[in-house]
Structure formats: structure tokens, C-alpha cells
Amino acid sequence: FRAKQKRCEMEAYANSLLIAIPGFLVLILVEILYGYFKGKQTYRFMDTLSSLSSGLTNILKDTLGLALILISYPWLVDKIAVYSFESSWQLFVIAFICIDFASYWVHRLNHHINIFWNQHLIHHSSEEFNLACALRQSISDLIAFNALFLIPAAFLGVPASVINILAPIHLFAQFWYHTKHIGKLGWLEYILVTPSQHRVHHAINPIYIDKNLAAIFCIWDRLFGTFQEELEEEPPVYGTLKPSQSWNPFFINFQHLWGLITDAWHTKNWTDKLKIWWMPTGWRPKDVAIKFPRQQTDWKHQVKYNPPSNSFTKGWALVQLLGTTFLLLSLFAAVGNTSNAIIRDMGLLILVSIFTYTSIMDGFQYGKTLLHFYPIIAMLYVYFWGSELQTSVSILYYGSLLFWLFTWISSLLLGRQFHHSSSETFDGLQT
């Protein structure tokens with residue numbers, strides 16, 4: 001029964017993404033065009049590809065169920081529910097408020113504790129602020145504990161089915177305010193999280209750090225002392241205090257964790273080895289900080305990450321992103337008629353693709369080396385799954401193989417065109 005229920009939830013999630021992903025892409029394109037015609041472009045080419053790629057990795061992580069659930073909400077509501085509500089609009093309002101309240105405290109925890117910052121850092125890693133950066137979501141939150149913050153909902157007896165319906169809506173509703181093109185919204189600033197408030201949240205100016213943590217209702221920030229208005233004399237500067245310096249979402253997701261591991265290894269103080277994980281974000285043992293200093297972003301004179309790349313590399317990376325997105329949407333469309341094993345292997349193949357082309361975007365040689373393994377991967381997939389494919393998914397499957405083979409052949413024929421030594425830059429729609 002549990003397996004069947006999980007399968008139904010996965011199909012519902014996939015169907016919602018079939019609508020949401022194209023919608024997000026259309027809105028991002030509209031924002032790019034608006035910025036271009038208004039002369040206020042907020043996008044850079046490679047940064048945008050990186051943001052979209054991060055979104056794909058997060059979707060795949062959730063689809064493949066790559067997380068250990070410490071405590072589940074269905075179990076929690078079964079154990080502590082005191083009330084039982086009939087299905088009504090009041091129930092959905094109560095549930096939505098509970099989700100938003102839980103989101104605030106999870107978000108606050110992510111910003112204030114070293115180990116939890118690792119699973120949120122990627123959302124702040126872009127040095128731009130636009131709709132695309134909203135898709136920079138984590139794949140490093142591999143231990144799920146969010147249900148603990150839904151204790152009020154469980155106590156009130158909110159059914160798990162209602163939470164499952166509202167949670168994606170709550171997440172998608174946070175997309176719109178990642179933009180610089182909308183100013184302050186009058187009286188709505190006292191009720192909802194707005195673009196102005198969320199620009200503050202993404203800024204690294206000292207006055208803005210760790211402010212405006214709410215997701216939908218700004219009442220939580222005003223109530224718990226984390227609200228900060230956007231100031232005209234203090235334009236937000238975006239990114240992280242320790243810049244990611246990468247387009248690769250896998251590196252960005254785990255670089256803070258790697259820093260904690262190396263600091264814990266190098267410090268001579270055994271107490272520090274244990275407490276580094278639970279100290280405030282950015283805390284380091286004194287001996288390690290002296291021996292291995294880390295330079296922070298000079299927010300007043302920010303130099304944005306922009307490794308040299310030519311038009312071919314950008315065009316090739318764009319084709320990879322579009323092809324990978326098409327495969328992902330095709331996979332979602334076939335979820336109902338596809339075995340879990342094929343979904344798993346196709347998802348892992350897409351993750352390998354994202355890692356490869358974003359490594360090439362960063363200029364790493366091993367990214368190009370990985371391309372030579374694609375024909376081997378394609379043959380292995382045909383060997384293991386070719387005879388088990390149903391008609392409804394065979395187009396997806398063989399289309400993906402053709403895509404990988406095209407990638408490999410194009411890399412062999414045109415690999416010399418990959419270039420990372422020019423001084424060419426990209427801004428807006430100039431290329």
C-alpha cells in the first residue's frame with residue numbers, strides 16, 4: 001500500500017511539473033525580453049543556464065526520492081492529532097498558514113546554523129536577481145526533517161493529503177517575487193512577501209544579511225524581528241559572502257559542506273571538531289581560520305564570476321540544457337507507464353549530463369573527457385532496458401540515446417571549438 005501511495009504521489013508531482021516547468025520558462029523568457037527592450041537587463045547567459053540546470057537537478061532529486069526521511073508528516077499526524085476537520089476551505093486556509101509558518105522556521109534555521117546553510121546556499125549563489133535564480137534549489141538536503149516544523153498542523157489534525165496538495169502550491173507561489181522589475185507594492189508590503197522584500201533577503205549588504213526569511217506572509221518577519229525594508233540609499237548586492245565561483249550545481253550544493261569537513265579535519269581542538277557543525281553560519285575554529293584564511297566578497301566592489309567562454313561553448317551548453325529539459329519533461333509524461341527502474345536510470349543519466357555540460361561551462365577539461373563515455377552508457381541502456389520498453393516510452397528512451405550520441409559526435413567533431421581563454425563576455429541578449 002505504501003509503495004502504491006508513493007507511486008501515486010510521484011505521478012501527481014510529475015503532472016504538476018509538466019505544467020509548472022513550461023510556465024516558469026515562459027515567464028523567464030518574458031522577463032529577459034522585457035529587460036532587453038527596457039535597457040535594464042538582469043540576466044547573464046551562463047548564470048541563467050546554471051540557474052535552470054540547478055532547477056533540473058532539484059526536480060530530479062525529488063522525483064527519484066534521494067532523501068532519508070527522519071520523520072514523516074503522516075506518522076506525526078497519526079500520533080498527535082487532537083482534532084479532526086471536515087474538508088472545507090477553512091481547513092485549506094489553516095493548512096496553508098501552518099505550511100508558511102513551518103517554512104519560516106526551516107528557512108531561519110538554514111540561515112543560522114553551519115550544517116543547514118549547506119542545503120540552502122545554492123539558492124543564494126547567483127550574483128544576479130531574476131526569476132531564473134528562483135529555480136536554484138537544493139539537492140544537498142538529503143535528510144528530511146521538515147515535518148517537525150509542521151507539528152501545529154499535525155496537532156490540529158490537518159490530513160497529509162491536504163499538505164501534499166498545498167506544499168507544491170506554496171513553493172511555486174514563491175517564484176514571482178524574484179525580480180528587480182517590480183517596485184514596492186504599497187499596502188501589500190504589510191501582508192505579503194514582495195519583490196522588494198525578497199531583494200533584501202538575497203542581498204549581502206551587512207544591513208540586509210539574514211533578513212526577510214518569510215515565504216508568503218511577511219507577518220512572521222515582523223513578528224519575530226527579522227524584517228528589513230529595502231532602502232533607496234542601499235541598493236542590494238547579490239550572491240554569497242563566500243562566492244561559489246562555479247556554474248556547476250553539484251559543486252555549489254556541496255562546497256560549504258566540504259569546507260566544514262576540511263575545517264573539522266584540520267583543527268587541533270577536538271571540541272571544535274564537533275561544534276563546528278552546529279555553530280552560527282560562517283563560524284570557523286580559530287586555528288584553522290588563521291592557517292587557512294578565506295577571502296570574503298567585497299560587497300562594495302563585487303567582481304562577478306565570469307570565466308571566459310566563446311559563442312560556440314555557450315551555444316553548445318544551451319543545446320544541452322534544452323535537450324536535457326525535453327528529456328525530463330518526456331520522462332514525466334511517461335511516468336504512469338514506466339517502471340521505477342527506468343525512471344531511476346534515466347534520471348541518473350540526466351544528472352550525469354548536467355554535471356558534464358556545467359563542468360565544461362566552468363572550463364574544466366574532465367567535462368570534455370566525460371563526453372567520451374556517452375556511447376558506452378547508451379549501449380548499456382539498450383542492453384539492460386531495450387527489451388522492456390513499452391511503446392509509450394520508447395520514443396523517450398531512444399530519443400535520449402540519439403541525444404547522447406549527438407552530443408558525443410558533436411564533441412568529437414567540434415571539441416576544438418571549446419574555448420575558455422578569450423576575454424569575451426556576455427551581457428543580456430548581445431550574443
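Reply: Happy to! Let's begin with Asp 141 and Lys 61, whose side chains meet in a salt bridge at 2.9 Å, N to O; the term stands for a side-chain nitrogen of Lys or Arg within 4 Å of a carboxyl oxygen of Asp or Glu. This pair links distant parts of the chain, 80 residues apart: Asp 141 is in the loop between helix 6 (121-124) and strand 2 (143-144), while Lys 61 belongs to helix 2. Helices (H or I, at least four residues) and strands (E, at least two) are DSSP runs, numbered from the N terminus. Please keep in mind that this is a predicted model, in which local features need pLDDT of at least 70 and side-chain atom pairs count only at pLDDT 80 or more, whereas totals for chains, interfaces and linings use all residues. Residues are numbered from 1 along each chain as its sequence is written, and side-chain values use heavy atoms, with hydrogens and water left out.

How buried or exposed are the two partners? Lys 61 is buried, with a relative accessible area of 6%, and Asp 141 is partly exposed at 26%. Here buried means under 20% relative accessible area, exposed over 50%, and partly exposed in between (1.4 Å probe, protein chains only). Asn 58 also lies in helix 2, which covers residues 45-64. Asn 58 counts as buried because its relative accessible area is 12%. Apart from neighbours within four places in sequence, Asn 58 is in contact (heavy atoms within 4.5 Å) with Gln 137, Ser 138 and Ile 139.

The next bridge joins the side chains of Lys 304 and Glu 128, at 3.0 Å from N to O. Again distant parts of the chain are linked, 176 residues apart: Lys 304 is in the loop between helix 13 (286-291) and helix 14 (311-333), and Glu 128 is in the loop between helix 6 and strand 2. Glu 128 is buried at 9% relative accessibility, whereas Lys 304 is partly exposed at 36%.

A further salt bridge brings together the side chains of Asp 263 and Arg 294, at 3.2 Å from N to O. Asp 263 counts as buried at 3% relative accessibility, and Arg 294 as partly exposed at 35%. Shared partners also join salt bridges into one network, made up of Arg 44, Glu 127, Glu 128 and Lys 304. In total, the structure holds 11 salt bridges.

Charged side chains meet rings as well. The charged end of Arg 222 sits over the ring of Phe 227, 3.9 Å from its centre, and Lys 273 lies over the face of Trp 270, at 5.2 Å from the ring centre. For such a placement, NZ of Lys or CZ of Arg must be within 6 Å of the ring centre and within 35 degrees of the ring normal.

Finally, a word on Thr 240, found in the loop between helix 10 (219-224) and helix 11 (249-266). Thr 240 counts as buried because its relative accessibility is 7%. Leaving aside neighbours within four places in sequence, its contacts are Trp 117, Leu 121, His 124, Ser 125, Ile 204 and Thr 297.
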